Amino acid sequence: MAIRYIYMHTFDKKGFVPWEEATIHVLSHVIHYGSGVFEGIRGYRTKEGIAIFRGKDHYLRLIKSAKIYRMELPFDENKFMEITKELIKKNGLMETLDEVKSSGRMKNPFVYIRPVVFRGYISEEYDDPVIQPPLGVNPLKNPTEFFIAAFLWDDYLGEKAIREGADIITSSWSRLAPNTIPTFAKGVANYANAQLAKMEAELTIVAGSYEEKLRLKKAFENGEKASLEDVRFPVESIQLNSEGYVSEGAGENVFVVKYEGSKARIYTPPLYASILPGITRDSIITIARDLGYDVVETEIPRGMLYTADEVFFTGTAAEVTPIRSIDGIVIGNGKPGEVTLKIREEYVGIARGEREDRYGWLEYI
Ligand code: PMP
């Protein structure tokens with residue numbers, strides 16, 4: 001097996017470090033207080049090699065996320081991209097991707113790039129850290145460190161969700177309120193909240209109807225076998241913000257499609273609805289407008305989700321994933337919608353290098 005590398009920039013490691021040696025100190029500030037920001041970037045296998053989708057925009061978001069937490073980075077987005085490309089090459093990810101795909105080990109593998117910037121460990125100044133561990137809440141004393149990892153991932157919400165539409169729930173956990181933790185930063189701490197919402201979805205089974213629930217309950221109580229007819233196994237949550245309006249998924253932005261007569265209009269929560277300003281969200285707004293749709297950024301009450309003609313998620317990992325039910329309520333006709341599929345086709349076509357890269361979103365390695 002070839003050596004895999006992680007790019008590290010910590011007090012004791014700099015440059016491409018073998019995978020097994022890519023460790024940080026347990027007294028790094030981030031482990032105790034969530035003082036980190038990160039990115040998720042996708043590399044697509046195209047005919048011309050691996051293409052990184054809007055890599056510079058992701059690194060610019062990373063730099064801005066770090067800025068909110070007063071962490072300064074030694075590199076700009078161009079330097080980060082240079083390192084990222086080298087990392088993918090050094091790890092032979094294109095060849096591995098082709099291998100795992102042809103052997104059937106992964107269905108739709110893609111390159112996933114994960115940079116994390118964090119408050120690290122203080123090594124100097126303290127000749128005997130046991131006497132006074134440098135570990136107060138104040139992060140300003142701790143150095144800003146980072147690493148970049150790159151590996152292969154498969155469809156995030158599952159291939160079935162893309163084909164048939166995802167079953168999801170509305171979480172009982174609200175999204176972060178303004179002036180608590182800023183969702184403009186992709187902070188690791190944001191995902192304490194997102195994890196609760198994600199686990200809630202993973203641990204929920206939804207009966208699609210009252211009759212189905214009674215039927216299953218009776219069978220369960222009588223120790224009988226029962227076939228599942230109208231049961232949903234949610235794969236994700238939508239979270240509402242502190243005002244009760246739709247915010248976003250645990251790892252995705254949300255779009256709603258409503259027909260007004262024969263004209264489809266697209267709605268998505270605004271930046272002030274406690275959302276992460278998604279790079280895919282921005283791409284989808286651009287594509288949808290170019291396809292001739294009105295896209296409106298506005299508050300979306302929960303009822304608008306259930307009565308929508310189509311709902312879909314967007315994100316680096318989720319790309320464009322149709323949603324077929326929310327809390328057991330069927331959306332539209334319960335199948336991936338026409339507008340969703342049209343936008344998905346365009347987005348995926350551009351990202352995979354099959355359609356003209358007319359917005360200059362791809363950077364080839
Ligand atoms: N919201 C949250 C909470 C996310 O984690 C993500 C994934 N990064 C998104 C939205 C979508 O953002 P992007 O399109 O930039 O991946």
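So, Glu248: an N or O atom in the side chain of Glu248 sits 2.7 Å from a nitrogen atom of the ligand. I'm calling that a polar contact, meaning a pair of N or O atoms within 3.5 Å. Once we have the ligand by itself, it exposes 390 Å², and the protein buries 95% of that; those areas come from the Shrake-Rupley method with a 1.4 Å probe.

Quick housekeeping: this is a predicted model, where local features need pLDDT of at least 70 and side-chain atom pairs count only at pLDDT 80 or more, while totals for chains, interfaces and linings use all residues. Residues are numbered from 1 along each chain as its sequence is written, and side-chain values use heavy atoms, with hydrogens and water left out.

Okay, the other contacts. Tyr191 puts a polar side-chain atom 2.4 Å from an oxygen atom of the ligand. For Thr316, a side-chain N or O atom lies 2.5 Å from an oxygen atom of the ligand.

What surrounds the ligand, then? There are 17 residues, and Tyr191, Glu248, Ile279, Thr280 and Thr316 are the closest; the cut-off is a heavy atom within 4 Å. By class, that shell has 4 nonpolar, 8 polar and 5 charged residues, with Asp, Glu, Lys and Arg as charged, Ala, Val, Leu, Ile, Met, Phe, Trp, Tyr, Cys and Pro as nonpolar, and the others, Gly among them, as polar.

Last one: is Arg54 buried or exposed? Arg54 counts as buried because its relative accessible area is 11%, and buried means under 20%, exposed over 50% (1.4 Å probe, protein chains only).

Conventions. A polar contact is a pair of N or O atoms within 3.5 Å; within protein, one must be able to donate a hydrogen and the other to accept it, and residues adjacent in sequence count only if both atoms are side-chain atoms.
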